[in-house]
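Please consult the sequence and the structure shown here while reading.

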Amino acid sequence: MSAIVSAADTRRSRVRLLIVTMLFLVTTVNYADRATLSIAGPALSKELHLDPVAMGYVFSAFGWSYVVAQVPCGWLLDRFGSKWVYAISIIVWSIFTAMQGLVGFLSAGAAVVLLFGLRFLVGIAEAPSFPANARIVASWFPGNERGTASAFFNSGQYFATVIFAPLMGWIAHAYGWRHVFYVMGVLGIVMGIAWIKTIYEPKEHPAINEAEFDYIKQGGALVDMDAAKAGKTQDSGPSWDHIRQLLANRMMLGVYIGQYCINTLTYFFLTWFPVYLVKERGLSILQAGFVATLPALCGFIGGVLGGVISDYILRRTGSLTMARKIPIVGGMLLSMSIIACNYVDGQALVVGFMALAFFGKGIGALGWAVVSDTSPKEAGGVSGGLFNTFGNLSSITTPIIIGYILAATGSFNGALVFVGANALVAAIAYLFIVGEIKRVQLKAA
């Protein structure tokens, strides 16, 4: 029997590995574009004379539109499918990223307004990205591989810092902060073209063979999620009643709360962390870009490891609930080590505790696997959009709250306690609110 299985495995194509690799690369560029402002921030704020509160609001501009656009973009994904909605998203957000370099040619007041506006537009353009990632994983991966696949694409957020923080730091140091936006914008447009050439649905991909298709379908992949979208009046997209049912589901509400708190760590890292290194720890912009890579690398390793651990637990126990909750709760408790940075002076210890915190955050960042596990087939995009709406409210609140903490105290100590406390709340949400993790079954209206 084992010989037969091995032979079948040998014949099975591995197109889904190409798909998840593309998701990882696009997510890496996605997060690098979000982080452009944090790398350029110290020099930009000095040139434009921005105080911490003003910078907090500029950092938050992305979050306002990103949150508001989640559910509408989820609807677009369910209505028109992931490939083309996502392709347009990548190219448009890259154009707006490149345009941010132009604000340096304006007066300070006009530059701030334009910068806020462009960050706002980037938020709208990026809104379909993660709901689309979750839909694609749900359609291409069987249940026993979904945790690893979701963790892998999600770890792109850390890899973005590993690769691009030093690069952007060097560009800002050598050529000026404007060129950070130009380079990343052009790279994103190239990535959008590569996406169009690479991504297909399982039934349409020219390289998939029957053995792989049968394997993912029998394993629970929603292979016909986007089949024949056009011209079907009955497939006009999810209804408001679907949204109401998702919001009334206790499991999903617990997941939403958890993701909000987990993303608080993400947005501290994307917005204020380089500023913390420069202003609180005395590093240069170039040094901050390189130092930020160690916590990011640990987050990347933790992110991939969290998915592997989760799928291993699932195979051993058969319990989806245990498989997802154990890494999430354990990772969030480990992330609370960020608070220890307040009690050490050496730069090596600070970076070490940050690295430990983001390693834990990476292990616990399995929310998108949970979305792929739980989203109803008929409303996968909207389910992911709601999840990302709640999760990314922290993209608004985190930079603003930290800005006010800095203005009031002149120190990052309170900010790190705030971030660590959110990690604790995320663990509590998964322990006591989420309950059993299973796919939501919507009732007919």
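Helix α13 passes helix α19 in a right-handed crossing; a crossing is right-handed if the near helix is turned clockwise from the far one by less than a right angle, and left-handed if anticlockwise. The model is predicted, so that local features require pLDDT of at least 70 and side-chain atom pairs count only at pLDDT 80 or more, whereas totals for chains, interfaces and linings use all residues. Residues are numbered from 1 along each chain as its sequence is written, and side-chain values use heavy atoms, with hydrogens and water left out.

## Helix packing

Two packed helices are described by the angle between their axes and the distance between the axes. Here axes are lines fitted to C-alpha atoms, for helices over the stretch in contact, and angles run from 0 to 180 degrees between N-to-C directions. Helices are DSSP runs (H or I, at least four residues), numbered from the N terminus.

| Helix pair | Axis distance | Angle |
|---|---|---|
| α13 (residues 250–280) and α19 (residues 380–391) | 7 Å | about 45 degrees |
| α9 (residues 156–175) and α15 (residues 293–317) | within 7 Å | roughly 150 degrees |
| α3 (residues 52–68) and α4 (residues 70–80) | within 4 Å | roughly 45 degrees |

The axes of α13 and α19 lie 7 Å apart at an angle of about 45 degrees. That angle makes α13 oblique to α19; angles under 35 degrees count as roughly parallel, over 145 as roughly antiparallel, 65 to 115 as roughly perpendicular and the rest as oblique. On the α13 side the contact involves M252, V255, Y256, Q259, Y260 and N263, which meet S383, L386, F387, F390 and G391 of α19; contact means heavy atoms within 4.5 Å. By class, the contact of α13 with α19 comprises 7 nonpolar, 4 polar and no charged residues. In this classification Ala, Val, Leu, Ile, Met, Phe, Trp, Tyr, Cys and Pro count as nonpolar, Asp, Glu, Lys and Arg as charged, and the others, Gly among them, as polar.

Helices α9 and α15 cross at roughly 150 degrees and are therefore roughly antiparallel to each other. Their crossing is left-handed. Residues Y158, F159, T161, V162 and P166 of α9 meet T293, A296, L297, G299 and F300 of α15. This contact of α9 with α15 divides into 7 nonpolar, 3 polar and no charged residues.

The axes of α3 and α4 come within 4 Å, and the two helices are therefore oblique to each other. Y66, V67 and V68 in α3 meet Q70, V71 and P72 in α4. The residues of the contact of α3 with α4 comprise 5 nonpolar, 1 polar and no charged.

## Buried side chains

Which residues does E212 contact, leaving aside its neighbours within four places in sequence? They are R12, S13, R14, V15 and R16. E212 lies in helix α11 (residues 210–218) and counts as buried at 0% relative accessibility; buried means under 20% relative accessible area, exposed over 50%, and partly exposed in between (1.4 Å probe, protein chains only). Although E212 and R12 are 200 residues apart along the chain, their C-alpha atoms are separated by 4.9 Å. The side chain of E212 also makes a polar contact of 2.5 Å with the side chain of S13. A polar contact is a pair of N or O atoms within 3.5 Å; within protein, one must be able to donate a hydrogen and the other to accept it, and residues adjacent in sequence count only if both atoms are side-chain atoms.

R119 belongs to helix α6 (residues 108–126) and is buried, with a relative accessible area of 3%. Leaving aside neighbours within four places in sequence, R119 is in contact with D33, R34, T36, L37, V58, A61, F62, S65 and Q100. The side chain of R119 reaches the backbone oxygen of R34 at 2.9 Å.

H242, in helix α12 (residues 240–247), counts as buried at 15% relative accessibility. Not counting residues up to four places away in sequence, H242 touches E378, A379 and L442.

## Partly exposed residues

K377 is located in the loop between α18 (367–374) and α19, where K377 counts as partly exposed at 39% relative accessibility. E47, in helix α2 (residues 15–48), is partly exposed, with a relative accessible area of 36%.
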